[in-house]
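Welcome! Here is a short briefing to read alongside the sequence and the 3D view.

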Amino acid sequence: MILEHAIDQLKRGSQYRRDLDDDLDDLCASIQRTGVLNPPAVTDEYVIITGNRRVAAMEKLGMRVTPVWVVPGVSDKLSYVLAIRDEQTLQKTLKPLEQAELYEELKALYAEDAERRDAATRFGAAGREQHLAENPGSREGGAGGAESAPPWRSSNEGKARVQAARAVTGRDSRTMLEQINQLKQIAADDAEDPYVRQHAAEALLEINEDRKVNGRYQAVKTRQNLARLTRMAEHPDTPEQARTAAATELRTLHVVASPAEAAKESGLALARVNEIHKAATDPALIGWKDVDPLLREKHAIRKLVDLLRREHGWWDRYDPDDFGTHADDAQWELVTTSITESHHFLDLAQRARESREEAHDAGV
């Protein structure tokens, strides 16, 4: 049903596009020339579903009234948000930050919708209200945590991520969208290191322009992890074990070159130091056997042994005659340096081992 309605009485509702005023000149000229050929669509309560740019163009032209298409049956939140999705993704691509915001709301709505259907299936119509009463977080808009969620909630949330990502971008882009939303959280967190917050905010601006997410996300996460390790290494209230471990981790991490490896290793390092910090400060865990001042050193040794185990016996798998005959200068240098430095490394390690044994014998 098409009606005339005052523009200033239309309700904007949830909107994800932030640049409505961009590129309106052509649309304004079209409306001036031929009028509104495709009226904005609204709900029964005159909440705009589609046509926000058309309404913005009419406002720019000073128009006070617009024809509207009243769409019946768009009442629940999920169908409303999906209708907005159709308008804003099928006609003009949302920017990454706008996509991430739409994804976050759709993800929650899909999970809630699946949970309601699961509740109806499991408990029947009669038991559904009792289930919802006992699990307030299951209701639409509820804020229940893990304790109030039914046991199948995590499965619904996983499916909701995929559904929401496909609804927004047409593909399974949930990792990218989750990374953007994590960057937004970091940038807005007052408890975060100011340098990390600034870096996250700059990354979001750049992502909105060129849509390159993963590398910037890894860089921000690395800075976040390093900042937290630095804070523990320098803060006077940090227990001695954790402070020493954090300083050791930082020295090791500065030689990690790959962005992906740096993000991974810094996260693992922070987790190790957090475990030491927790064990040293939690009364229930004081004396925990795994609190080890040499935890970092032992971890590094395990990594080295794993590396060598993977390549062990390489000298039996390759022909030295072929290598000597066909290797170029760079390949020859790489192999000879590896073997020479390995001998040097082993000599130093042997001396340290002998010194430890001598000290042990003297102590005995």
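In what follows, Ala, Val, Leu, Ile, Met, Phe, Trp, Tyr, Cys and Pro count as nonpolar, Asp, Glu, Lys and Arg as charged, and the others, Gly among them, as polar. By that scheme, the lining of the largest pocket holds 10 nonpolar residues, three polar and one charged. The model is predicted, so to speak of local features a pLDDT of at least 70 is needed, side-chain atom pairs count only at pLDDT 80 or more, and totals for chains, interfaces and linings use all residues. Residues are numbered from 1 along each chain as its sequence is written, and side-chain values use heavy atoms, with hydrogens and water left out.

**The chain as a whole**

- The protein chain has 14 helices and four strands; helices (H or I, at least four residues) and strands (E, at least two) are DSSP runs, numbered from the N terminus.
- Of the 364 residues in the protein chain, 34% are buried, where buried means under 20% relative accessible area, exposed over 50%, and partly exposed in between (1.4 Å probe, protein chains only).
- Among contacts in the protein chain with a separation of 6 or more, 70% are between residues 24 or more positions apart; contact means heavy atoms within 4.5 Å.

- On a 1 Å grid over the protein atoms alone, a cavity is a set of points where a 1.4 Å probe fits but cannot get out, while a pocket is an open set with protein on both sides within 12 Å along at least five of seven lines; lining residues have an atom within 4 Å of a point.
- The largest pocket has a volume of about 600 Å³; grid points are joined across faces, edges and corners, and a volume is the space filled by probe spheres set on the points.
- The lining of the largest pocket is made of 14 residues, and L308, W314, S338, I339 and S342 lie nearest its centre.
- At least two lining residues of the largest pocket come from each of α11 (295–311), α12 (314–317) and α14 (329–363), and α14 gives the most, with six residues.
- The second largest pocket, with a volume of about 310 Å³, is lined by I301, L304, F345, L346, A349, Q350, A352, R353 and R356.
- Six nonpolar, one polar and two charged residues make up the lining of the second largest pocket.

**Helices that meet**

- Helix α1 (residues 25–34) and helix α2 (residues 52–60) have axes that come within 9 Å and cross at roughly 75 degrees; axes are lines fitted to C-alpha atoms, for helices over the stretch in contact, and angles run from 0 to 180 degrees between N-to-C directions.
- α1 and α2 are therefore roughly perpendicular to each other, as angles under 35 degrees count as roughly parallel, over 145 as roughly antiparallel, 65 to 115 as roughly perpendicular and the rest as oblique.
- Where these two helices meet, D25, L27, C28 and I31 of α1 are in contact with R53, R54, A57, M58 and K60 of α2.
- That contact of α1 with α2 involves five nonpolar, no polar and four charged residues.
- The buried residues of α2 are N52, R54, V55, A56, A57 and M58, and just after α2, G62 takes a positive phi of about 85 degrees.
- Helix α9 (residues 240–253) packs against helix α10 (residues 259–281) at an angle of about 170 degrees, their axes 9 Å apart, so α9 and α10 are roughly antiparallel to each other.

**Residues to find in the view**

- H5 is found in strand β1 (residues 2–6) and counts as buried, because its relative accessibility is 13%.
- Leaving aside residues up to four places away in sequence, H5 touches L10, Y46, R64, V65, T66 and V68.
- Y46 sits in the loop between β2 (41–42) and β3 (48–50), and has a positive phi of about 65 degrees although it is not a glycine.
- Y46 is partly exposed, with a relative accessible area of 21%.
- V196, in helix α7 (residues 194–210), counts as buried at 1% relative accessibility.
- V196 and T222 are 26 residues apart in sequence and 9.4 Å apart in space, C-alpha to C-alpha.
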